[in-house]
Amino acid sequence: MTLSLPELSSPIFQRPRRLRQSAGLRRLVRETHLQLDDLIYPLFVMEGENQRVEVPSMPGIYRYSLDLLLEELSTVQELGLSAIALFPLIPDSQKNNQGRESYNPNGLIPRAIRAIKQTFPDLIVITDVALDPYSDQGHDGIVDENGKILNDETVAVLVKQALVQAEAGADLVAPSDMMDGRIGAIRKALDAAEHIQTGILAYSAKYASAYYGPFRDALDSAPKFGDKKTYQMDIANSREAIKEVALDRVEGADIIMVKPALAYLDIIARIKPYTYTPIAAYNVSGEYAMIKAAAQRGWVEEKTIVLETLTSIKRAGADLILTYFAKQVAQLGIKNS
Ligand code: PBG
């Protein structure tokens with residue numbers, strides 16, 4: 001940026017510190033505000049009863065059986081959070097290459113959606129559309145005999161999965177798989193089934209990132225071979241994010257997402273001028289784990305670093321943030337404006 005602002009050539013000595021001298025003045029000129037309304041709390045659900053198991057690499061984050069998830073949601077809602085994203089831990093016995101359990105109308109996620117909507121009708125429920133928690137290969141798509149991920153065959157399954165979730169009452173379905181053409185296929189199928197009000201939160205610029213490690217521990221969903229680089233984006237690319245966002249928008253995404261957030265703030269800022277659609281950013285499991293690990297050792301001050309981190313994601317241009325810190329932020333007493 002060039003310094004061509006007329007005020008910079010003023011003969012008056014400039015004192016930017018004047019506006020930083022008190023908390024009141026700083027608040028008055030603050031450009032970015034974090035509010036609970038912008039936060040989505042990701043939660044892990046598992047089969048069983050009375051189960052609450054901490055994810056070892058994510059202190060403070062648990063997998064809940066449905067009964068305890070409902071209890072947790074009551075706390076979450078009382079704290080002022082209004083949106084959650086659900087991810088399932090699926091038993092190995094229900095996993096296969098075709099991810100068939102993903103579209104079982106009585107599967108864990110549809111049951112969870114129905115129970116949640118019955119108990120908390122106003123809570124916004126966002127569900128993940130992808131095969132990895134259901135795949136014995138740990139991939140987001142169907143794998144062929146040569147280890148290739150089949151695009152169109154996978155999209156057909158994702159469509160069935162999204163329909164089952166919409167039928168159960170999800171507010172937004174969130175395809176996180178990065179197959180080509182899935183947003184359009186899901187939108188068409190939802191409309192044809194008269195789920196015209198079910199929205200799509202598209203993981204549009206999702207990178208093949210090492211920051212997902214703790215999440216894969218939580219769901220026992222790490223790839224059994226290879227990596228996800230043939231479908232998730234190359235970490236070195238930025239213009240490609242604009243292309244992915246444009247495609248998802250044309251295909252009917254209501255909200256688009258950049259993921260992970262912190263190492264990709266430049267991507268959030270870069271795509272902002274290209275879309276009028278709300279932009280979500282996923283402050284992913286690895287980002288959570290790093291802060292927690294350092295804070296537990298007393299190496300960083302947790303509360304301040306959490307707020308700084310989330311504010312930076314908003315400052316970059318994100319409208320919404322998926323974050324495992326959501327409940328903690330709510331407990332700090334941060335309010336909606
Ligand atoms: C699966 C999915 C992943 C995450 C959300 N959905 C993992 C992956 O793509 O391997 C990561 C979330 C996180 O790390 O917090 N499609």
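**View 1. Surroundings of the ligand in the predicted model.** The ligand is surrounded by 18 residues, and the closest are Lys206, Lys228, Lys259, Ser285 and Tyr324; a residue is counted here if one of its heavy atoms lies within 4 Å of the ligand. The structure is a predicted model, in which local features need pLDDT of at least 70, side-chain atom pairs count only at pLDDT 80 or more, and totals for chains, interfaces and linings use all residues. Residues are numbered from 1 along each chain as its sequence is written, and side-chain values use heavy atoms, with hydrogens and water left out.

View 2. Asp140 places a polar side-chain atom 2.8 Å from a nitrogen atom of the ligand. For Lys259, a polar side-chain atom lies 3.4 Å from a nitrogen atom of the ligand. The side chain of Ser285 has an N or O atom 2.7 Å from an oxygen atom of the ligand.

**View 3. The cis peptide bond at Pro260.** Lys259 and Pro260 are joined by a cis peptide bond, with omega about -10 degrees. Pro260 is found in the loop between strand 10 (255-259) and helix 8 (265-271). Helices (H or I, at least four residues) and strands (E, at least two) are DSSP runs, numbered from the N terminus.

**View 4. Packing of helix 2 with helix 3.** Helix 2 (residues 66-78) packs with helix 3 at an angle of about 35 degrees, and their axes are 11 Å apart. Axes are lines fitted to C-alpha atoms, for helices over the stretch in contact, and angles run from 0 to 180 degrees between N-to-C directions. Leu66, Leu69, Leu70 and Leu73 in helix 2 meet Arg111, Ala112, Ala115, Ile116 and Thr119 in helix 3, where contact means heavy atoms within 4.5 Å. The residues of this contact comprise seven nonpolar, one polar and one charged.

**View 5. Packing of helix 3 with helix 4.** Helix 3 (residues 108-119) and helix 4 (residues 151-168) pack at an angle of about 20 degrees, their axes being 8 Å apart. Helix 3 is therefore roughly parallel to helix 4; angles under 35 degrees count as roughly parallel, over 145 as roughly antiparallel, 65 to 115 as roughly perpendicular and the rest as oblique. From helix 3, Ile109, Pro110, Ile113 and Arg114 meet Val164, Gln165 and Ala168 of helix 4.

**View 6. Packing of helix 4 with helix 5.** The angle between helix 4 and helix 5 is about 45 degrees, with their axes 9 Å apart. The two helices are therefore oblique to each other. Val155, Leu158, Val159, Ala162, Leu163 and Ala166 in helix 4 meet Arg182, Ala185, Ile186, Ala189 and Leu190 in helix 5.

**View 7. The backbone at Glu194.** Glu194 lies in the loop between helix 5 (182-192) and strand 9 (199-206). Phi of Glu194 is near 65 degrees, a positive value in a residue other than glycine.

Conventions: A polar contact is a pair of N or O atoms within 3.5 Å; within protein, one must be able to donate a hydrogen and the other to accept it, and residues adjacent in sequence count only if both atoms are side-chain atoms. Ala, Val, Leu, Ile, Met, Phe, Trp, Tyr, Cys and Pro count as nonpolar, Asp, Glu, Lys and Arg as charged, and the others, Gly among them, as polar.
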